Amino acid sequence: MSDIARRFPENPLLMPKDLHASTDDLQIISLLNPGVFEFEGKIWLLVRVAECIAQKEGVIFFPVINALGKVEIIEIPLNDPDLVTNDARIVQYKGLDYLTTLSHLRLLCSDDGINFQEPKQNSILTGLGNLEQFGIEDCRVSKLDDTYYLTYTAVSENGVGVGLRTTKDWKNFDAKGMIFPPHNKDCAIFEEKIKGKFYALHRPSSPQIGGNFIWLAESNDGIHWGNHQCIIKSRPGLWDSARVGAGAAPIKTEKGWLEIYHGANAEHQYCLGAFLMDLEDPSKIIARTVEPIMRPQENYELSGFFGYVVFTNGHVVNGDKLTVYYGAADEFVCGAYFSINEILSCLEFVGNK
Ligand code: MAN
């Protein structure tokens with residue numbers, strides 16, 4: 001069994017032309033990787049909007065947020081010997097890394113979970129301060145009691161880490177700063193405390209010894225995290241051989257906490273898999289899928305800004321029905337249904353970490 005996703009016939013749900021860029025100088029390159037939550041009877045997406053300035057022949061432009069909080073454009077001639085451009089997502093210049101696009105997060109809402117619109121009031125969250133100069137990305141939204149926790153990738157010249165903002169009403173946001181410093185991303189907070197503590201999955205990267213593995217952390221207040229444990233590793237020879245990272249908040253089932261995660265191989269091909277954690281002690285992995293539960297196969301997943309990618313960080317749970325929203329080919333927002341029981345039946349109960 002290798003792909004048990006039932007994709008929406010309406011896919012892609014959102015593509016770059018569907019929204020307006022945040023300023024006249026910019027154009028939207030990708031709409032991707034939405035965080036998902038329910039609020040006031042509607043389904044909401046917090047979509048990553050990746051923007052760039054229209055490119056001219058012979059030069060490369062990329063936007064960053066400057067110290068005054070304004071978008072500033074960096075311009076480099078394409079024939080500059082200090083410029084390296086071999087990945088659509090990253091530019092290297094004079095030994096430093098930049099992103100080719102600048103991402104912010106945009107709220108969209110829907111009554112049916114299929115047709116999404118921007119609400120009338122301001123619905124944009126942008127990078128704030130010097131740890132978010134290159135933008136904010138791939139937000140997970142977890143609700144505990146009446147508070148929503150937004151954990152997102154914060155990118156700057158200082159590195160890639162995890163930022164946290166909280167809100168109760170989606171109008172006022174409390175910026176809590178960086179909770180996992182570089183290099184770290186893919187942070188999902190559990191939507192329930194376990195024995196009085198907050199838990200989160202996160203993904204530090206250790207370039208020499210170790211790798212891009214999923215870790216578990218605990219906290220008393222949801223802001224300061226400790227007791228880090230490495231719980232899921234990449235697997236040589238499999239589809240998730242190069243990196244693994246958590247999707248949205250774990251789903252509580254009778255069998256354990258079910259997590260949908262992404263894995264990629266050395267060719268940067270991204271698929272989805274699942275693993276199951278013990279309900280009382282989530283550092284204990286009970287089971288994991290060997291094969292992906294979803295792999296890129298539709299045109300909109302195979303080709304786009306960065307092809308052969310399915311990536312999720314948001315879903316809605318309704319009984320056995322799991323609606324997963326995902327980024328396809330790093331360019332489109334799509335949806336797919338899964339049966340939670342079917343995912344559980346794909347898990348292999350081996351202590352394979
Ligand atoms: C990787 C990709 C990009 C992302 C950067 C920074 O290169 O996931 O989409 O912009 O990391 O997070």
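## Cysteines

The sulfur of cysteine 271 lies 14 Å from the closest cysteine sulfur, that of cysteine 346, which is too far for a bond. The structure contains zero disulfides, a disulfide being a pair of cysteine sulfur atoms within 2.5 Å. Cysteine 271 is buried, at a relative accessible area of 3%; cysteine 52 also counts as buried, at 5%. Buried means under 20% relative accessible area, exposed over 50%, and partly exposed in between (1.4 Å probe, protein chains only).

## Basis of the model

The model is predicted: local features need pLDDT of at least 70 and side-chain atom pairs count only at pLDDT 80 or more, while totals for chains, interfaces and linings use all residues. Residues are numbered from 1 along each chain as its sequence is written, and side-chain values use heavy atoms, with hydrogens and water left out.

## Asparagine 33

Asparagine 33 belongs to strand E2 (residues 26-39), strands being DSSP runs (E, at least two residues) numbered from the N terminus. Asparagine 33 is buried, with 2% relative accessible area. Its side chain makes a polar contact with the side chain of aspartate 138 at 3.0 Å; such a contact is a pair of N or O atoms within 3.5 Å, where within protein one must be able to donate a hydrogen and the other to accept it, and residues adjacent in sequence count only if both atoms are side-chain atoms.

## An open sheet

Four strands form an open antiparallel sheet in the order E15-E16-E17-E18; two strands pair if DSSP finds at least two bridges between them. Its edge strands, E15 (184-189) and E18 (225-232), each pair on one side only.

Strand E17 (residues 214-219) pairs with E18 over five bridges in the antiparallel sense. Isoleucine 214 stands opposite isoleucine 232 in E18.
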